[in-house]
Amino acid sequence: MLWYKSWLETRWRFLIGLVLLIFSALSTVFTYPQVLKLLPMVPQHINGEIGRRIREAAELARDFRGYVWSDWFRQNLPEKWTLFAVLIGTGGLLAHSSGGGTLFTLSLPVSRKRLLGVRTATGFIELFVLAFVPSLLIPLFSPAIGQHYGVGSAVIQSACLFIAGSVFFSLAALLSTMFNDIWRPLLIALGVAIAVSLVEQAPQVSYGIFHVMHGESYFRHGALPWLGLLASAVLSVALQYGAMVNIARRDF
Amino acid sequence: MAESLIIETTDLHKSYDGVEALRGLTLGVPTGSIYGFLGRNGAGKTTTIKVLLGMARPSSGQARVFGLDVDNPEIRRRTGFVSEEKDLYDFMTVDEMIRFTAPFFPRWRADLEQRYLRKFELPSNRKIKALSRGTRTKLALLLALCRGAELLILDEPTSGLDPAMAEEVLQALVAHVAGEETTVFFSSHQIAEVDQIADHVAIIDRGCAVVTGALDDLRERYQRIQLVFDVDAPQAGFRAPGVVRLRRKGRMLTIMSSGGTEEIVEEASAMHPLSVEVVPVTLKEIFLETVTGEE
């Protein structure tokens, strides 16, 4: 029944995220013919970082695989998925504003570890669905516009996003064991995600969580970012462990 | 034979950020009793309950329920609980809340569930966030009573209810206890309701139990001795134990005793009062004399 409760607590965040990401994935596929038509109009003489980025995006969009990576796996999916990872990670036992019942929950014959474990597992399952289902719609619908995108690529790119991005979910979960409301964990975790994203956009920065989430090394060289995936997974587990310790020793 | 205790605390201390909520609380709740836990707001009632249910850790001292350490989840399997805020899951309906709770308790009483659903007229399909305070309290009580619990711990069960609703809740509680073998430990600052349904009582003040015992014993032990003098009452000191409070007002000296009334009256008679009268006291008077007033 704890699973049922966790599902009820998070279902709207999850379902809104799923609808939004599915719509966004389909939009990526079905706007490609239009993008191809617009490519010749891309200005070539803009200088600076913005110009470089525009030229790079246009170059990648010349083939469908590059376009999908640039538009979906590097931009739309990480941005939106990270937002929902934080939203789903926020809340739980301490958040009165997410529906109350903290003391009622604690009066049940269930350990705090199990309470947190079920909540975390529910979040991971929902985020897994948010990472994989919309991405797998791309290979499914690509033939409708006369293109092809490999299922294997979609799975691997989604896995990179899911494993590395789980750090933000775990950060929100840890913060939710430190504050009694949902707003501070939400804002702090989002702030951290935005800050990391901005730092990683600097041309001289070539490593970071978002780089691993984008799966760029797999896209460009077919090599999985093993070290980054491992480091992200370890960090995520450490944050979840911190949440577990925090909740176990806390007075209510 | 010593009576068995379902709840036992010894020299229990609890501090939050340097503020002492409990300062050496020692309690013994007999199995099968209806135990009223009286105290002013902030006296430490809710903290005690949280410690008993493993929601807060004691800073020092000992607390045991069913003879088990308070961090043992088995306690919660055998205990029904209603919190002061009656906090339930606002996002669930009444029916979902019941369906959610029942599987945690192997001895869940489906017959009582049906009985209380009808008796309390609970709207099964309404969201909990849409329930009135009274209906929410009734649902919280249903969820506690149907657990098949040996012990009910209720934190201010009637707080925020109008008198009619409070009476209905108390009557439901008394009727339940009469039919089941359940011990009830309930906190309150409503003296009248403790007087109405409790057979044992503890009065807590600033984190300490200042009065404990069976209510009938307390009524028998605690008495007020009124002395009237023909001049202003003397500044008296009593050697006899059991003097809880002395009050002088003009020609009258009033003594609240918690026992040893005869010795006190004997001592008082030596002061040559015009009259000596011993009158029984109410629980309210015991409460007010033990937790308030300075003289």
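Predicted model: local features only at pLDDT ≥ 70, side-chain atom pairs only at ≥ 80, totals over all residues.
**Domains of chain B**

I started with how chain B is divided: the assignment gives domain 1 (5-215) and domain 2 (222-291). I then looked up the separation, and the C-alpha centres of domain 1 of chain B and domain 2 of chain B sit 37 Å apart.

What do the two domains share? I found 10 residues of domain 1 of chain B in contact with 6 residues of domain 2 of chain B. On the domain 1 side, helix H7 (191-197), strand S9 (200-205) and strand S10 (208-214) of chain B each supply at least two residues. H7(B) gives the most there, with 3 residues. Sorted by class, that side of domain 1 of chain B has 7 nonpolar and 3 charged residues, and no polar ones.

**Chain B against chain A**

Next I checked the chain contact: 20 residues of chain B touch 19 residues of chain A. Which helix of chain B gives the most to this side? Helix H2 (residues 73-77) of chain B does, with 3 residues. I also noted the classes on the chain B side: 13 nonpolar, 1 polar and 6 charged residues.

**Helix H5**

I moved on to helix H5 (residues 133-145) of chain B, which has 13 residues. From first C-alpha to last, H5(B) reaches 18 Å, close to the 18 Å expected at 1.5 Å a residue.

Why do I call H5(B) largely enclosed by the rest of the structure? Because 10 of its 13 residues are buried. The cut-off I used for buried is 20 or more other C-beta atoms within 10 Å. The buried residues of H5(B) are Arg136(B), Thr137(B), Lys138(B), Leu139(B), Ala140(B), Leu141(B), Leu142(B), Leu143(B), Ala144(B) and Leu145(B). I jotted down that Arg136(B) and Lys138(B) are among them.

Then I asked what covers the buried residues of H5(B). The cover includes strands S6 (79-82) and S7 (151-155) of chain B, along with helices H3 (94-101), H4 (110-119) and H6 (163-179) of chain B.

**Val184**

I picked Val184(B), in strand S8 (residues 183-188) of chain B. Buried or exposed? Val184(B) has 25 other C-beta atoms within 10 Å, so I put it down as buried.

Leaving aside neighbours within four places in sequence, I listed the contacts of Val184(B): Ile34(B), Tyr35(B), Leu152(B), Leu154(B), Leu173(B) and Val177(B). I followed up on Ile34(B): it is 150 residues from Val184(B) in sequence, yet the C-alpha atoms of the two are 4.7 Å apart in space.

**The four-strand sheet**

Last stop was an open sheet of 4 strands in chain B, in the order S2-S1-S4-S5, with antiparallel pairing. Which strands are at the edges? They are strand S2 (19-30) and strand S5 (68-69) of chain B, each pairing on one side only.

Inside the sheet, I counted up the link between strand S1 (residues 5-16) and strand S4 (residues 60-65) of chain B: 5 bridges, running antiparallel. I looked at two partners in S4(B): Thr9(B) is bridged to Ala63(B), and Thr10(B) to Gln62(B).

S4(B) and S5(B) are also antiparallel, joined by 2 bridges. Here the partner of Arg64(B) in S5(B) is Asp69(B).

Conventions. Residues numbered from 1 in each chain as written. Chains lettered and ligands numbered in written order. Contact = placed C-beta atoms within 7 Å. Nonpolar A, V, L, I, M, F, W, Y, C, P; charged D, E, K, R; others polar. Domains from an automatic or database assignment. Expected span 1.5 Å × (residues − 1). Buried ≥ 20, exposed ≤ 12 C-beta atoms within 10 Å, placed from the backbone. Pairing = 2+ DSSP bridges.
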